[in-house]
Amino acid sequence: IIGDDDALAFGRHYDSVANIHVVVGGTPHWERHIAFRDYLRAHAEVRHAYEALKRGIAMIDFADPLEYNAHKQEFIAEHEERAVAWHRRGRSD
């Protein structure tokens, strides 16, 4: 159980074993997460490039976990729009 003083751990040293996202289903935020996930599953070349990126940045010792996300943001931004369009087309291609 997280106490009030532990609600956000960013900027502090802590041990992390998971990064969990909770998103309301059916919202645009949900759609882009599902679309990106499914796009990676269907497009091996993009999935492998994302894997290589994540493996590379996983070697960096970040002081704040948000820095890890920042290193992925350019790749995600590049592919997320395509993923959502692909998802809306009914995943054709």
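A residue counts as buried when its relative accessible area is under 20%, and in this predicted model Glu80 counts as buried because its relative accessibility is 17%. Glu80 lies in helix 3, and its side chain is joined to that of Arg32 by a polar contact of 2.9 Å. When neighbours within four places in sequence are left aside, Glu80 is in contact with Arg32 and also with Phe36.

Helix 3, which comprises residues 65–88, also holds His79. With a relative accessible area of 7%, His79 is likewise buried, and, residues up to four places away in sequence not being counted, His79 touches Phe36 and Val46.

Aromatic pairing was examined next. A search of the whole structure finds 4 aromatic pairs. One of these is formed by Phe36 and Tyr50, whose rings are arranged edge-to-face, with 5.4 Å from centre to centre and 85° between the planes. This pair links distant parts of the chain, since Phe36 belongs to helix 1 (residues 28–42) whereas Tyr50 belongs to helix 2 (residues 44–58), and the two are 14 residues apart. Both Phe36 and Tyr50 are buried. Tyr50 also pairs with Phe75: the ring centres lie 5.2 Å apart and the planes meet at 20°, so this pair is stacked, an angle under 30 degrees being the criterion for stacking.

Helix 2 was then considered as a whole. Its 15 residues should span 21 Å at 1.5 Å a residue, and this agrees with the 21 Å that separates its end C-alpha atoms. The buried residues of helix 2 are Val46, Tyr50 and Ile57, and because they cover an arc of only 35° around the axis, they are placed on the same side of helix 2. In general, an α-helix has 3.6 residues a turn, so residues three or four places apart point the same way. The exposed residues Glu45, Ala52, Arg55 and Ala58 are carried by the face of helix 2 that is turned away from its buried side. Helix 1 and helix 3 are included in what covers the buried residues of helix 2.

The largest nonpolar core is made up of 11 residues, namely Ala35, Phe36, Tyr39, Leu40, Val46, Tyr50, Phe75, Ile76, Ala83, Val84 and Trp86. Each of helix 1, helix 2 and helix 3 supplies at least two residues of this core, and helix 3 gives the most to it, with 5 residues. In soluble globular proteins, nonpolar side chains tend to be buried together.

Definitions and conventions. Residues numbered from 1 in each chain as written. Predicted model: local features only at pLDDT ≥ 70, side-chain atom pairs only at ≥ 80, totals over all residues. Heavy atoms only, no water. Helix = DSSP H or I, 4+ residues; strand = E, 2+ residues; numbered from the N terminus. Buried < 20%, exposed > 50% of the residue type's maximum accessible area, 1.4 Å probe, protein only. Contact = heavy atoms within 4.5 Å. Phe/Tyr/Trp six-rings, centres within 6.5 Å; stacked < 30°, edge-to-face > 60°. Expected span 1.5 Å × (residues − 1). Arc of directions from axis to C-beta. Core = buried A, V, L, I, M, F, W, Y, C linked by side-chain atoms within 4.5 Å. Polar contact = N/O pair within 3.5 Å; in protein donor to acceptor, adjacent residues only side chain to side chain.
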